[in-house]
Amino acid sequence: MNPLTALSEEERMFQSAVRRFAREQIRPWVREMDEAAVFRQDIIRQFFEMGLMGIEIPEEFGGQGGTFFQAILAVEELSAVDPSAGVIVDVQNTICNNALLKWATPEQKKKYLPRLAENMVASYALSEAGSGSDAFAMTTRAEDRGDHFVLNGRKLWITNAAESGFFLLFANAHPEAGYKGVTAFLIERGFPGFAVGKKEDKIGLRASSTCELLLDNCRVPRENVMGEVGQGYKIAIETLNEGRIAIGAQMVGLARGALDAAIDYARQRKQFGKPIGEFQGVQFDLAKMATEVEAARLLVYNAARLRDAGLPFLTEAAMAKYYSSGIAERVASTSIEVHGGVGITKDYPVEKLYRDAKIGRIYEGTSNIQLLTIAKKLLGK
Ligand SMILES: Cc1cc2nc3c(=O)[nH]c(=O)nc-3n(C[C@H](O)[C@H](O)[C@H](O)COP(=O)(O)OP(=O)(O)OC[C@H]3O[C@@H](n4cnc5c(N)ncnc54)[C@H](O)[C@@H]3O)c2cc1C
């Protein structure tokens, strides 16, 4: 058995290619994208060209035929430079592509996977204004009209929506059956009655778009139902169970970015005639941060490797996301303190990482929801 963090040759090459790309091609634009709250289209194009938007999609559909673990590595590396870049690749691979690979019909795969690998950004649309943690209390409805469904309602908080051409969207086709009416639909941006609405103005992760979706008698062909009618709750849950490992990776990457910045600064900043990194107080901060990042990474890698091995990973994934999002906040905060006053200015990258960290404890299941999952296992529920 290999140690968790020992990478295969292929994984190492992949990791260093993404790391180099993030540092050389994304880092120069991070501040500008954060301030403009827009992610550059040319960088998204590069994601596609590098195969980062179809990591697990089989080669026959134009993807890389890689592993879930590789997607985790990519999200970590991108997030160390810009967590907004990390989440674009995260939602595409670990949620949308992943769901299609598992649940789509051969025809749906043939139609959509090549586009998802080549040039079509995807979004996952579950949440609504009135249904977040209680996701299946959704009020978006799907009316069965035989050869098509008519969808009405609104989705909120949808990541990537400004850039997406494709939406894995959940609506209830049988509200009388409660959550057993929830159904997954594959929606193209151009479908009649579908529109992307208001974009949120956020504290962090600003370059990643988060928008409302409007469904006004949106006509969806029957062949665009994914899985069975009423199976959407299962698809949504299973997809999020895997996706949250990648949010853990995003938070590990973010924390590592903040730690690296603190180490660099501690080496060059002088006070009392020597670099601040020579003071034991600062060294202890760095050592504690590094330990937390490593612990979080082990949780994330373990959950991802369990998933790739086809072993149960539900509790481990919840722990990975819960712990990583907590340490990301702490490490980013301490990194600012190591920087002193300049840490809270936009001249250094850590104030942004601090802002970006906040979302980790909220999306893809809040920390409380992760704790509920962990507690259920502990109590044998
Ligand atoms: C930037 C961003 C991007 C997002 N991207 C997407 C996306 O792409 N697709 C998508 O579908 N959704 C997305 N979301 C939505 C996100 O998943 C929800 O915000 C999240 O699930 C929480 O739901 P809520 O905001 O309604 O909070 P609520 O569910 O109202 O929670 C409020 C508080 O109550 C607590 N709480 C609720 N229920 C319980 C309980 N049973 N026990 C204990 N505490 C509880 C929560 O932990 C939280 O602290 C995104 C959100 C944001 C902010």
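H9 passes helix H11 in a left-handed crossing, where left-handed says that the near helix is turned anticlockwise from the far one by less than a right angle, and right-handed that it is turned clockwise. H9 and H11 (residues 367-378) pack at an angle of about 145°, with their axes 9 Å apart; axes are lines fitted to C-alpha atoms, for helices over the stretch in contact, and angles run from 0 to 180 degrees between N-to-C directions. From H9, the contact includes Leu314, Ala318, Met319 and Tyr322, and from H11 it includes Gln370, Leu371 and Ile374, contact being counted for heavy atoms within 4.5 Å. Sorted by class, this contact of H9 with H11 has 6 nonpolar, 5 polar and 2 charged residues, with Ala, Val, Leu, Ile, Met, Phe, Trp, Tyr, Cys and Pro taken as nonpolar, Asp, Glu, Lys and Arg as charged, and the others, Gly among them, as polar.

The model is predicted, so that local features need pLDDT of at least 70 and side-chain atom pairs count only at pLDDT 80 or more, while totals for chains, interfaces and linings use all residues. Residues are numbered from 1 along each chain as its sequence is written, and side-chain values use heavy atoms, with hydrogens and water left out. Helices (H or I, at least four residues) and strands (E, at least two) are DSSP runs, numbered from the N terminus.

Within H9, which spans residues 314-339, lies Ser335. Ser335 counts as buried at 0% relative accessibility, where buried means under 20% relative accessible area, exposed over 50%, and partly exposed in between (1.4 Å probe, protein chains only). A polar atom of the Ser335 side chain lies 2.8 Å from the backbone oxygen of Ala258. Leaving out residues up to four places away in sequence, Ser335 touches Ala258, Ala261, Ala262, Met289 and Val350.

Val350 leads on to helix H10, where it is one of the buried residues, together with Glu351, Lys352, Leu353, Arg355, Asp356 and Ala357. H10 is mostly covered, as 7 of its 8 residues are buried, and these buried residues pack against helix H2 (30-36), helix H4 (68-81), H5, helix H7 (232-268) and H9. Arg355, found in H10 (residues 350-357), is buried with a relative accessible area of 15%. The side chain of Arg355 makes a polar contact (a pair of N or O atoms within 3.5 Å; within protein, one must be able to donate a hydrogen and the other to accept it, and residues adjacent in sequence count only if both atoms are side-chain atoms) with the side chain of Asp34, at 2.7 Å.

H5 also meets another helix: the axes of H3 (residues 41-49) and H5 (residues 83-103) come within 12 Å and cross at roughly 45°. That makes H3 oblique to H5, since angles under 35 degrees count as roughly parallel, over 145 as roughly antiparallel, 65 to 115 as roughly perpendicular and the rest as oblique. H3 passes H5 in a right-handed crossing. Here Ile44, Phe47 and Phe48 in H3 meet Ala85, Ile88, Val89 and Gln92 in H5, and the residues of this contact divide into 6 nonpolar, 1 polar and no charged.

Finally, strand S4 (residues 166-172) holds Phe170, which counts as buried at 0% relative accessibility.
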